[in-house]
Amino acid sequence: MLKTFEVKDYALIEHIKVEFNTGLNIITGETGAGKSILVDAMSLLLGERASTEVVRKGTNKSVVEGIFEVTLNKKVKAILEENEIDFLPELILRREISVKGSNRCFINDTPVSLNLIKEVGNLLVDIHGQHEHQSLLRKETHIRFLDDFTSAQSLLEDYRKIFTSLTDSINELNHLKEKESLLKEKKELYEFQIKEIDAVSPLENEDEQIISELKILENSEKLMQLTADVYSEIYEKDNSIYDSLIAVKKNLNELLSIDNNFADILKELESALAILDNASSFVRDYNSRIEADPEKLESLRQRLGSIILLKKNMAVQLQKYLSIEKNWRGI
């Protein structure tokens with residue numbers, strides 16, 4: 001029940017405060033006395049749209065406030081509790097329209113949205129008149145009137161509990177279906193990855209080994225020429241390194257026969273000759289093992305291509321896996 005209605009600086013009204021009593025209250029007056037302005041102010045309080053034109057000329061803002069008795073109104077109580085607003089026996093609605101265009105709404109001195117004050121207002125007042133809202137004409141209010149008429153509150157509460165339980169079960173079922181779908185997607189991804197890996201069957205670090213082997217096969221001609229040149233420089237050509245060192249050794253032996261100080265140098269030269277001999281043997285043997293094998297070269301290239309393609313596919317699949325995992329964690 002509306003107990004007090006107060007209007008400040010609205011349209012032509014500077015300030016008016018109206019007290020209402022239990023029963024029928026009637027405001028009368030001649031045409032132009034301002035009755036419709038009060039109705040418009042009440043519509044504003046209940047959440048209707050407004051412009052700065054309603055602010056009385058020469059003032060900064062219009063204020064409309066209503067105090068309602070809501071002790072027995074369970075629907076209003078439910079809305080307030082849902083929005084964490086204190087429920088008191090007297091409900092105070094206030095709306096302020098600034099000349100600058102700002103619009104402020106309050107319920108029990110708590111700032112609220114226009115939609116919330118309109119939702120509460122629809123439960124408190126019906127304004128019947130041209131161009132005004134009437135709850136009897138709004139389809140969304142019909143079920144509330146029917147529930148109130150039947151007085152079957154306990155049955156309604158039982159229904160709401162069952163409906164809430166059913167909704168929760170449906171949500172849980174949908175949640176499980178989403179999990180099932182994601183698990184199926186992960187399973188398909190794993191199966192596809194295993195199939196791709198099995199088709200190639202790569203060994204550990206096989207690609208690195210192939211790259212190293214390819215480098216040798218692709219340069220077989222160059223390796224053969226270089227090793228032959230090295231061996232020739234050491235042993236085969238005229239004035240080879242080996243022959244030069246033998247000549248040096250002969251001279252050192254003659255020097256040693258004269259002066260023992262050349263003994264250490266001679267030993268080092270003999271060590272150098274041994275090292276040179278080992279090096280030449282390695283180069284000769286390496287050269288003998290070199291062979292051009294076009295078929296093996298092509299086979300290794302294809303094998304390396306398969307492994308590289310597999311690694312690229314696995315990288316793409318990893319991104320897909322991370323996406324699935326992110327969705328999974330979000331459920």
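Guide: In this predicted model, helix H8 meets helix H9 through Ile 241, Tyr 242, Leu 245, Ile 246, Val 248, Lys 249, Leu 252, Asn 253 and Leu 256. On the H9 side, the residues in contact are Ala 263, Ile 265, Leu 266, Leu 269, Glu 270, Leu 273 and Leu 276. By type, the residues of the contact of H8 with H9 divide into 13 nonpolar, one polar and two charged.

Two packed helices are described by the angle between their axes and the distance between the axes. H8 spans residues 241-258 and H9 residues 263-289; their axes are 10 Å apart, at an angle of about 160°. Angles over 145 degrees count as roughly antiparallel, so H8 is roughly antiparallel to H9. The crossing of the two helices is left-handed.

H8 also packs against helix H7 (residues 220-236), here with an angle of about 25° and axes 4 Å apart. An angle under 35 degrees counts as roughly parallel, which is why H7 is described as roughly parallel to H8. Glu 233, Ile 234 and Tyr 235 of H7 make this contact with Ile 241, Tyr 242 and Asp 243 of H8. The residues of the contact of H7 with H8 divide into four nonpolar, no polar and two charged. Ile 241 and Tyr 242 are listed in the contact with H7, and both are listed in the contact with H9.

Ser 220 lies in H7. Its relative accessibility is 10%, and because buried means under 20%, Ser 220 counts as buried. Leaving aside residues up to four places away in sequence, Ser 220 touches Ile 290, Glu 291 and Ala 292.

Another helix, H5, covers residues 153-200 and includes Glu 185. Glu 185 has a relative accessible area of 31%; it is therefore partly exposed, as the range for that class lies between 20% and 50%. Between the C-alpha atoms of Glu 185 and Tyr 321 there are 9.3 Å in space, with the two residues 136 apart in sequence.

Elsewhere in the chain there is a sheet. Six strands form it as an open sheet with antiparallel pairing, in the order E2-E1-E3-E4-E5-E6. Strand E2 (13-19) and strand E6 (110-112) are the edge strands, each pairing on one side only. Averaged over the sheet and ignoring direction, neighbouring strands are turned by 15° against each other.

Strand E1 (residues 2-10) is joined by six bridges to strand E3 (residues 61-69), and the two run antiparallel. Six bridges also join E1 to E2, again antiparallel. Lys 8 stands opposite Val 63 in E3, and its bridge partner in E2 is His 15. E1 and E2 form a hairpin with two residues between them, and Ala 11 in the turn has a positive phi of about 55°.

Helix H1 (residues 35-45) has as its buried residues Ile 37, Leu 38, Ala 41, Met 42, Ser 43, Leu 44 and Leu 45. The cover over these residues includes E1, E2, E3, strand E4 (90-98) and helix H3 (114-124). After H1 comes Gly 47, which has a positive phi, near 110°.

Definitions and conventions: Residues are numbered from 1 along each chain as its sequence is written. This is a predicted model: local features need pLDDT of at least 70, side-chain atom pairs count only at pLDDT 80 or more; totals for chains, interfaces and linings use all residues. Side-chain values use heavy atoms; hydrogens and water are left out. Buried means under 20% relative accessible area, exposed over 50%, partly exposed in between (1.4 Å probe, protein chains only). Two strands pair if DSSP finds at least two bridges between them. Axes are lines fitted to C-alpha atoms, for helices over the stretch in contact, and angles run from 0 to 180 degrees between N-to-C directions. Contact means heavy atoms within 4.5 Å. Angles under 35 degrees count as roughly parallel, over 145 as roughly antiparallel, 65 to 115 as roughly perpendicular and the rest as oblique. Ala, Val, Leu, Ile, Met, Phe, Trp, Tyr, Cys and Pro count as nonpolar, Asp, Glu, Lys and Arg as charged, and the others, Gly among them, as polar. A crossing is left-handed if the near helix is turned anticlockwise from the far one by less than a right angle, and right-handed if clockwise.
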